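Student: I have a model open on my screen and I'd like to learn how to read it. Can we go through it together?

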Amino acid sequence: MPKNSKVTQREQSHEHVTESVADLLAHEEPLDYKSSSLNVGGAAGKKVPQLEVPENDGRPAWNSKLQYILAQVGFSVGLGNVWRFPYLCQKNGGGAYLVPYFILLLIIGIPLFFLELAVGQKIRRGSIGVWNYVCPSLGGIGVSSLMVCGFVGLYYNVIIGWSIFYFFQSFQYPLPWSECPIRRNGTLAIVEPECDKSSATTYFWYRQTLNTTSTIAESGGLNIKMTLSLLVAWIIVCLAVIRGIASSGKVMYFSSLFPYVVLFCFLVRGLMLKGSVDGIAHMFTPKLEKMLEPQVWREAATQVFFALGLGFGGVIAFSSYNKIDNNCHFDAVLVSVINFLTSILATLVVFAVLGFKANLMNEKCVVENAEKILGYLNSNVLSHDLIPPHVNFTHLTTADYAEMYGVIKTVKEGSFSQLGLEPCVLEDELNKAVQGTGLAFIAFTEAMTHFPASPFWSVMFFFMLINLGLGSMIGTMTGITTPVLDTYKVQKELFTVCCCIVAFFCGLLFVQRSGNYFVTMFDDYSAGLPLTVVVILENLSVAWIYGTKRFMQDLEDMLGFRPCKIYFYLWKYVSPLFLIVLISATVVEMAISPPGYNAWVEELAQERFQSYPPWALAMCFALIVVAMLPLPLVYIARRFNLISDGSNKLSVSYRKTMMKDISNLEEQDEARSILGAKPGEAPSSGPARKAYLAPGTNKPLDPNSLSPNSCYGTSYQNAAITPFTFLP
C-alpha cells in the first residue's frame, strides 16, 4: 500500500478509525454526470479514476432485457388478472371501478414496484440479503416473504394441477362436462339427480373432478386424479426453475407470450357471438355512486397490491440478476402498464363470453316459462285474452315474453306467485357475479360448450391457464430459492429438487376430497395480511430508516438521472399512509366477517356457507402468525446480539465490488498527493454537478451524515469501514 495514502497514515497513528468510505468522499467536488470525464461520452484523454461495479461478478444474468421484462410480466400477470379483476369490476361499479384502481396504481403500485426493483438491482441479492443489508434488525422481512411464498406456492400449484386435468379432458368430443350423465337402473334411465338439480359443468367440477365432501372435517381420502395432476404440475415447475434464470428465462418466452395469443383469439371469437356486446356494455357501464364507497377503494388497493406481486420476493429476486445501471424506473412503469392493460383485455374477453352465456340462459328461461304459460292456457288457469294478439309462441322473443309476463302479473296480482313464472331479464343474468374457480371451471367452461369446435377452444383456454400459473409459480419459486442460494452454499439443482419434492408432499393436503376447502383457507389467510405488513415494513425501512433523500441520491448514482421528485413524497408519506389504512381495513374486515367457506352440499346440489370448526379456525390464525413470526423474532435476536447481523453472508461478488471500490479510492488519493492537489480534489474539465437537493430544501445531501452506527451500517463496524451509500 502506498505510504502516503490516508489509510496507511491512519494505521500508523493511534487515533481510532471512524471514517467510512463515504467520509473519504465527503470533500470531493461533485462532477456533472453528462459532461464529466467519468462518463463514457466525456472528454477524451481525461482519464480520472472512478468507482465501478464489475460487469462480470460471477452472478447469473439475464440473456437480454426482453427476457427479464417477460419474466417480470409473467410473474405479475397471473390467474388473478383473468378471474379476479373482471369480478371486481362487475361488483364495484363496472367502468367506475377502473378510476380508483388506476389512481391507486399510480400512487401505490408503481412507486412500491419501483422500490423493490431498485433495491434488488442495486444490492444484487434476494429478499433476505437485501433487507439484512438495509437494516439487519428488520431482516425478518425477507424471511417472512419467503414463508409467504412457500404457503402460496403450495396451493397455487394445485390450481395449475386442476387446469392440467381439464386440459387433458378437453381432448374429446363432446366435452365431458357438456351433458349430465345418465344413471341406468335396468331398463330405466334417469339423469343423475345431483347434476339435474345444478348443471352439467357444476356437477363435473364438484363431483367428477374434486369429488368433494360436504364439510372440511370430512377428509374423504386422497383424490387420485388430482394427486397425479399435482405431481405433473410440480414436475413442470421443477424443470422450469431447476437451473435458475438460465432455464426459467427461456420458459418465459413462451409462458408469458402465449396467454396473450389466446386472449386475443378469444376476444375475436367472443365478439362474433350473439350477446357479447351486451356483456361488454354491461361491464363498462359506470355506476358512479359506487366510487364513494370505501369498500371499493379497499378492494382496488388490494388488487393493485397483489397484481404486481409486491412483497413476495420474486420481484427483488428477478431484478437482482440485472446490470447495476439498468433503467429500473422504466421497467417498473412498463410492467405496471402491461399488467393493467392485460386485466382490461381479460375483462373484455370474460364479459364477451359471459354476455353470450347470459343470452343463452335468458333464451332458455323464456322457452321454459313459455311452456308453463301454454300449460296454464290449455288447463284454463289463464285466459287467452291475457296474451297479446301479436305474440307467437313458435317464435317467441324476449321482448314478447316480457310484455306477456307484465300483463299476467298485473291481472293475476293476487295469485301470481303460485304460477311460478320467472321474469327472464337479461340484466339479472349479467349481474350473477362469479370469480375464481367458479368463473374458470364452471361459468367459462359452460359457455365454451356452445362454441363451434368447443374442444379446440377448451384446450386453448386451459393451456392458457397453465401458462399463466406457471409464470407466477416461477416467480414464487425464485422468491424462495434466490435468497437461500445467496445466503448458504448449497447446490442449486439439488436444493430446487428438494423444495419441489417437499412441496408436493405438503400439497397432498389440497388433493384430498376436502382439499378445495383448504385451498380457500390458504388463499384467504396465508398471504393477505402478512404480505401487507411485509410491504409496509419494506417501505418504512427504506423511506424512514435508510432515508428517502439518501435513497434518491443512490438512484441518481445508479440510473444516471434524478427520479421525479413526486417519488420522494410517495415513498415517505403517501404509500405508508395508504398501507396503514389498508392494513386497518383488512383487520376490520377479518374481525366483522365470520370465518368460513362455501361447502358443496350433495343432497341440495348447491353451495352453502359454513363456519370453520375450532381446529380449522386455529389453523387459519396459525397461518397468519407463522408467516409474520420471523419479523419480531429476528428483531429481538439481533437487538440482543443472539444471531449475527448477516454481514458474513454477503455474496462474494458484492464483497469483491466493495473491496475494489476501496482500492480505487486509495489510488485516487495517491494520485492527488503526487500531483500536489489537496486530498479529495480531482482535476476535471467538466462543469460541477449539483448535489442532490431534497424536495423543499436548499440543503444538499451530506455524505458525512451517514453514521457508522446507523441501522444499515452495523454489519461493517468491525471492519472500521461502514457500508457504502449505494443502497437503493
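Student: Let me start with a cysteine: is Cys-328 buried or exposed?

Tutor: Cys-328 is buried, since its relative accessible area is 0%. Buried means under 20% relative accessible area, exposed means over 50%, and partly exposed is in between, using a 1.4 Å probe and protein chains only. Before we go on, this is a predicted model, so local features need pLDDT of at least 70 and side-chain atom pairs count only at pLDDT 80 or more, while totals for chains, interfaces and linings use all residues. Residues are numbered from 1 along each chain as its sequence is written, and side-chain values use heavy atoms, with hydrogens and water left out.

Student: Okay, disulfides next. How many disulfides does the count come to?

Tutor: A disulfide here is a pair of cysteine sulfur atoms within 2.5 Å. By that rule the count is two. Take Cys-180 and Cys-195, joined with an S to S distance of 1.9 Å. Their link is left-handed, with -80° about the S-S bond. Cys-180 sits in the loop between α8 and β1 and Cys-195 in helix α9 (residues 193-197), so this pair ties together parts that are 15 residues apart in sequence. Helices are DSSP runs of H or I with at least four residues, strands are runs of E with at least two, and both are numbered from the N terminus.

Student: Now the backbone. Which peptide bond is cis, with omega near -5°?

Tutor: That's the one from Tyr-173 to Pro-174. Look for Pro-174 in the loop between α8 (140-169) and β1 (182-185).

Student: What about phi: what value does Asn-380 have?

Tutor: Phi of Asn-380 is near 65°, a positive value in a residue other than glycine. Asn-380 is in the loop between α17 (328-378) and α18 (398-411), and it counts as exposed because its relative accessibility is 65%.

Student: Last one: how do I read helix packing?

Tutor: Two packed helices are described by the angle between their axes and the distance between the axes. Axes are lines fitted to C-alpha atoms, for helices over the stretch in contact, and angles run from 0 to 180 degrees between N-to-C directions. Helix α24 (residues 515-525) and helix α27 (residues 614-628) pack at about 40°, with axes 9 Å apart.

Student: Which residues make the contact between α24 and α27?

Tutor: Contact means heavy atoms within 4.5 Å. On α24 the contact uses Phe-518, Met-521, Phe-522 and Tyr-525, and on α27 it uses Trp-615, Ala-616, Met-619, Cys-620, Leu-623 and Ile-624.
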